[in-house]
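The exercises below are meant to be worked through with the sequence and the structure side by side. Try each task before reading its solution.

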Amino acid sequence: MAVVCGITVLSTVLTWSRHRLGGPYPTFWYEVSVFGASGTVPAASALLGLSIGTLAGLTLRRTVPAMAAGLFVSGLVTVVLGVLRDSLWPAVRDTFAPGDDYVWPDRAAIIGRGWETEGGDVLPANICADSALDREVCLSESGVTHGYLDHHPASHYWPLQLVETGILLALAALAVFAAFRVLRRLHG
């Protein structure tokens, strides 16, 4: 209980202070260090780490190897969720015609961008960057009909936080269940 309360207080202080500090620190919501240290994810991560550590301690019965295993598994879950984060909630796709003065959304996490042709082929965003031709001519010769930008707007912060929190809590519940099974087998 103290771990979750402490993490929650620290996360709240971080969120509160980010909006009041000037200078270079207030980073964007989607950056790994900010997303993982604010909202509901830190408390769920603490619960997962505690439950994995308990399971490892009961299973291995040696303190240092159990600590190493718990740290490794918790870190692995954090890395995997960080990689999968963009796919946990449907992204928004904006389309625009070549030559339009498309304005990128403010404070959005950019997932992908590029060009699409009439046939539905996806081309990279820098397809005409090295061309000796004018960009508009190059895009036209490539058959580009429109550009696209896949992103998570700032309004996706809480849905992404809550989905990731749900995954972490489900994994923590599985670890607690497994720990009770091990405990019953040992002291049944």
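**Exercise 1. Describe how helix H1 and helix H3 pack against each other.**

Solution. Begin with the geometry: helix H1 (residues 2–18) and helix H3 (residues 41–60) pack at an angle of about 155°, and their axes lie 8 Å apart. Here helices are DSSP runs of H or I with at least four residues, strands are runs of E with at least two, and both are numbered from the N terminus. The axes are lines fitted to C-alpha atoms, for helices over the stretch in contact, with angles that run from 0 to 180 degrees between N-to-C directions. H1 is therefore roughly antiparallel to H3, a label that applies to angles over 145 degrees.

Next, look at the residues in contact, meaning those with heavy atoms within 4.5 Å: Val3, Val4, Ile7, Thr8 and Ser11 of H1 meet Pro42, Ala43, Ala46 and Leu47 of H3. Sorted by class, this contact of H1 with H3 holds 7 nonpolar, 2 polar and no charged residues, where Ala, Val, Leu, Ile, Met, Phe, Trp, Tyr, Cys and Pro count as nonpolar, Asp, Glu, Lys and Arg as charged, and the others, Gly among them, as polar.

The model is predicted, so local features need pLDDT of at least 70 and side-chain atom pairs count only at pLDDT 80 or more, while totals for chains, interfaces and linings use all residues. Residues are numbered from 1 along each chain as its sequence is written, and side-chain values use heavy atoms, with hydrogens and water left out.

**Exercise 2. In what order do the strands of the open sheet lie, and which are the edge strands?**

Solution. The sheet has 4 strands in the order E1-E4-E2-E3, with antiparallel pairing, and two strands pair if DSSP finds at least two bridges between them. E1 and E3 are the edge strands, since each pairs on one side only.

Now follow E2 (residues 109–117), which pairs with E4 (residues 144–152) over 8 bridges and with E3 (residues 122–124) over 3 bridges. Glu116 has His146 as its bridge partner in E4, and Glu116 also stands opposite Val122 in E3. E2 and E3 form a hairpin with 4 residues between them, and Gly120 in the turn has a positive phi of about 90°.

**Exercise 3. Which residue meets Arg85 in a salt bridge?**

Solution. A salt bridge is a side-chain nitrogen of Lys or Arg within 4 Å of a carboxyl oxygen of Asp or Glu. The partner of Arg85 is Glu164, at 2.8 Å from N to O.

Conventions. Angles under 35 degrees count as roughly parallel, over 145 as roughly antiparallel, 65 to 115 as roughly perpendicular and the rest as oblique.
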